[in-house]
Amino acid sequence: MNLLDYINLSFPEIFIALAAMALLILGVLIGNKASREISLGAVGILVIAIFLTSFGGSAQRVAIFDGAFSIDSFAVFAKVVIYLGAIVAILMSDRFMVREKIMRFEYPALILLAVLGMSIMVSATDLIAVYMGIELQSLSLYILAAFNRDSRRSTEAGMKYFVLGALSSGLLLYGASLIYGFTGATGFAAIAEGAANSTNIIGLIFGLVFFVSGLAFKVSAVPFHMWTPDVYEGAPTPITAFFAAVPKFAGMLLFARVMVEAFPSVLDQWQGVIAIMAAASMAVGAFAAIAQTNIKRLMAYSSIGHVGFALMGIAAGTADGVQSVLIYMSIYMIMTLGTFALILSMRRSEGMTENIADLAGLIQTRPGLGIMFTVLFFSLAGIPPLLGFWGKFYVFFAAVEAGLLWLAIFGAVMSVVSAYYYLKVVYFIWFKEPSTEFEVNNGAAVSVTAWGSTLAMVFGFVVAIGPLRVAAEKAASVLF
Amino acid sequence: MTESLSEQHWLSLITFLPLIGALLIIINRMLARADEEENVARRSRWVAMFTTLVTFAVSIGVYYLFYDPEIIGFQLVEEMPWIGNGISYKVGVDGASILFVLLTTFFLPICILASWFSVNKRVADYMIAFLLLETFMIGVFVALDLVLFYVFFEASLIPMFIIIGVWGSPGTKQFLGREISARVYAAFKFFLYTLIGSLLLLVALLWMYGQAGTTDIVALQTYQFPAGAQKWLWLAFFASFAVKVPMWPVHTWLPDAHVQAPTAGSVILAAILLKMGGYGFFRFSLPMFPLASAEFMPLVYTLSVIGIIYTSLVAFAQEDMKKLIAYSSVAHMGFVTLGLFSGTEQGMEGALFQMLSHGFISGALFLCVGVLYDRTHTREIAFYGGLVTKMKMFAFLFLVFTMANIGLPGLSGFVGEILPLIGTFEVNSWAAILATTGVILSAGYGLRLYREVMFGKLTNDKLATIRDVDKREIFMLGILLLMTLYLGVNPSPTLAVFSPAVDSVLEIYHTALAAAAL
């Protein structure tokens, strides 16, 4: 394979990188008055990237750059979902950013760079490539969190995220160096081989624990979740939507790939670690959210809980497990984007509101909004027939299949606990008498996202779950 | 009838017909202007009424034209690909389910009629919730795929949660030192209680799916799970169905939910939702885990007997009419679990019969309370007294249903209690003897309720102007009275419908037991 093939196969990433830089230059030349056009340009770039990814490349698994970067159906699945999520996030933020007067041309460019980082993450099959992807993504996200630089909360969020993120990157890197030291390799396949042939795996496990801690921070799994509520609350809402949906998805997929490709022979060793993290995340997500009154903080804890459920699939360590992670995270992303679209609609004349109590009587004042909230929150709680249930269905199935029965039962109990606070939102919407009405005009992108997500939740079990399962099955199968 | 006509998607039609009505109401509500609330309410009532009546008519038609009670096994089966990998959309009915489908479609028009005047806020939403609920309930009874069953089973929580929470009765209660709305408390309790049981069922279901590779109920009924695993699976299913039935000691959600729900909600809860639990035992626990069912029979019997006696005694102490009837429901469902796990033909047929009969009787009793509540807005027994002088027709109807609840021969309650007791007596005479005291106790609290509400002097001035039942109420209660009477006087056609289903479950059950004994 020559350089031309390399360029050809990694063209979507190269394209995004070049386009992001071009947009930046364009922005510098024209200035902030063109930032909306630049946003649309970024959306266009991502649409093109979707086509490049899904039609270019190869159906078979191809590893390029000495095995550091793989193109396979797993990566293609992940990238398409990531690009779609980013498109929705950019479109949704338009109206909000203009209103809050923080619309700047760097925003779409930073999102593109973060997306590029995630693209590399899900394709990476080498620890160095993994680290590069994660850092590119994280650095963009740190800036995005502090994007509203005149707001103390936003700046604090960015700062907190950066300091803790840097620490976790350090852990990750330290773990990677230990793994390299004990197996003599950074490529996943070579690590797997080294681990299988090695008689003394203590050192490897030691490195693995550090590595897993770093990854757990990125997906905000307990006990590395502390940053999540503050960053979610502090960051501007559309950026929180992006945080909650897209990097989580990429992070979980990377997590899944690393564990099953690089460390299959030490499954017994890491299965317990991940299972306990999953259980702890579900528990924290369920109990800590009960006391929240701010809906963004509630969603932060909810996302911790959801990561816990998805980790169950990784803990299974089987093809069914990875498949269930793909299904779970895809559904989670649709739900999350929809929910944040609704949070973006919580706007009164005096400005945005984030209190759950402000939703009181929503079903009477704004029936459409009320129905969407209801459907999405029942779906987040995992009540059938809504789509959120099917994610749970598959991760529970993977856990039960892999013999992690205790984890599945624990997950079941935690879903009941978490159902309580989801129901509490429904309680405000339906059972309370109305308070002041929300403003109607929030932009077409927000409404379309919210309605699209709601309809996906309601009709997904008829039309979407079958194809999604098939796609996820195909994507997961290449890792084994 | 021609083959082609009977092979249509009849069950899917019955299941999803109510959704069309719900959709119409939604469209109407969306198109209406803000000042048209009255019109929307009126149209919603009529659309809901019409839809439920059509659904009822179709289900009756299908039952008489295409359903053959002689056939053993499932009929009117439809199968379509759904998720793949052994999970498909499969529906069908047999003797054990067809009558519950009819019971559901029968009760929905009555519920709509019962809420015709008493519900007047957010009527459109109310009707939509009921129509959704109807679809989910029918779905539970026709589903022949475990995943499909589970989806319907749990989905029914959503509309019921909203119904209790929005249209429930006013009032507050102390909870954790805070004053909270009693109906909200009841709605949450109902939802979370049922959810935890169902999620354990889900875990068991997934394990079975992993083992058998399919969730087809027919296939699973003949799949022999290892005896050790059966115990755990049985317990998981039991967690779900015992909450739903409900059995002592997990019955505590029921009195709250019943008391707080609007009249029609209580009727649906008592008449149909509780039956899902018994139906689940019959459809899943007994044929799929026969060894565990036999092994855990003492547990079921103990809980049932305690439940019957304890809740009957508790019913005595109630000051609230609905609560009294709710506790009596728990006691009467105790006979169902006794009969089902007896493993005898009389016991099982009797249990299914009791489920049907209790549906009519408890539904009617809740309607009777609703009649009084609509007039006085209180359910407190002490508030009433001497109504017999003012409400002669009501006194008659209420008396019949009270007697049916007590188990007076000639009314359906008697058959529904005596058959499970006979079945139980064959396998465990002590349980039967103890359970029989429940019949006596039910006479005690039933007659007490009737005496305190209807007889005595009319002391409360507020009752001086109370109206007797009107035509609408006579119609609702009259139909239920006829059904109770019919089932009581002539139970054998109904039992004959149950019989093939019961026989096939019994065959699986006893074959498995015999094989295990070898």
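1. A charge is said to sit over a ring if NZ of Lys or CZ of Arg is within 6 Å of the ring centre and within 35 degrees of the ring normal. By that rule, the charged end of Arg104(A) sits over the ring of Phe147(A), 5.2 Å from its centre, and the charged end of Lys392(A) sits over the ring of Phe309(A), at 4.6 Å from the centre.

2. On the basis of these notes: this is a predicted model, in which local features need pLDDT of at least 70 and side-chain atom pairs count only at pLDDT 80 or more, whereas totals for chains, interfaces and linings use all residues. Residues are numbered from 1 along each chain as its sequence is written, chains are lettered from A and ligands numbered from 1 in the order in which they are written, and side-chain values use heavy atoms, with hydrogens and water left out.

3. A stacked pair is formed by Trp234(B) and Phe238(B), at 4.8 Å centre to centre and with 10 degrees between the planes. Trp234(B) and Phe238(B) are separated by about one helical turn because they are four residues apart in helix 10 (residues 227-244) of chain B. Both Trp234(B) and Phe238(B) are buried.

4. On a 1 Å grid over the protein atoms alone, a cavity is a set of points where a 1.4 Å probe fits but cannot get out, and lining residues have an atom within 4 Å of a point; grid points are joined across faces, edges and corners, and a volume is the space filled by probe spheres set on the points. The lining of the largest cavity consists of Gln137(A), Leu141(A), Tyr161(A), Lys218(A), Trp227(A), Phe243(A), Pro247(A) and Lys248(A). Helix 6 (127-145) and helix 11 (237-262) of chain A are the elements that give two or more residues to this lining, and helix 11 of chain A gives the most, with three residues. The lining residues divide into five nonpolar, one polar and two charged, where Ala, Val, Leu, Ile, Met, Phe, Trp, Tyr, Cys and Pro count as nonpolar, Asp, Glu, Lys and Arg as charged, and the others, Gly among them, as polar.

5. On backbone geometry, most residues other than glycine have a negative phi, and most peptide bonds are trans. The loop between helix 9 (202-219) and helix 10 (227-234) of chain A holds Pro223(A), which a cis peptide bond joins to Val222(A), with omega of about 5 degrees. Ser220(A) is found in the loop between helix 9 and helix 10 of chain A, and has a positive phi of about 55 degrees although it is not a glycine; at 0% relative accessibility, Ser220(A) counts as buried.

6. Ala221(A) also has its place in the loop between helix 9 and helix 10 of chain A and, at 0% relative accessibility, counts as buried. Ala221(A) touches Ala216(A), Ser281(A), Val307(A) and Leu311(A), not counting residues up to four places away in sequence, where contact means heavy atoms within 4.5 Å. Ala221(A) and His306(A) are 85 residues apart in sequence and 9.4 Å apart in space, C-alpha to C-alpha.

7. Two further backbone sites deserve a mention. A cis peptide bond joins Trp248(B) and Pro249(B), with omega of about 0 degrees, and Pro249(B) lies in the loop between helix 10 and helix 11 (253-260) of chain B. Asp66(A), in the loop between strand 1 (62-64) and strand 2 (69-71) of chain A, has a positive phi of about 55 degrees although it is not a glycine, and at 78% relative accessibility Asp66(A) counts as exposed.

Technical notes
On a 1 Å grid over the protein atoms alone, a cavity is a set of points where a 1.4 Å probe fits but cannot get out, and a pocket is an open set with protein on both sides within 12 Å along at least five of seven lines; lining residues have an atom within 4 Å of a point. Rings of Phe, Tyr and Trp (its six-membered ring) pair if their centres lie within 6.5 Å; planes under 30 degrees apart count as stacked, over 60 as edge-to-face and the rest as tilted. Buried means under 20% relative accessible area, exposed over 50%, partly exposed in between (1.4 Å probe, protein chains only).
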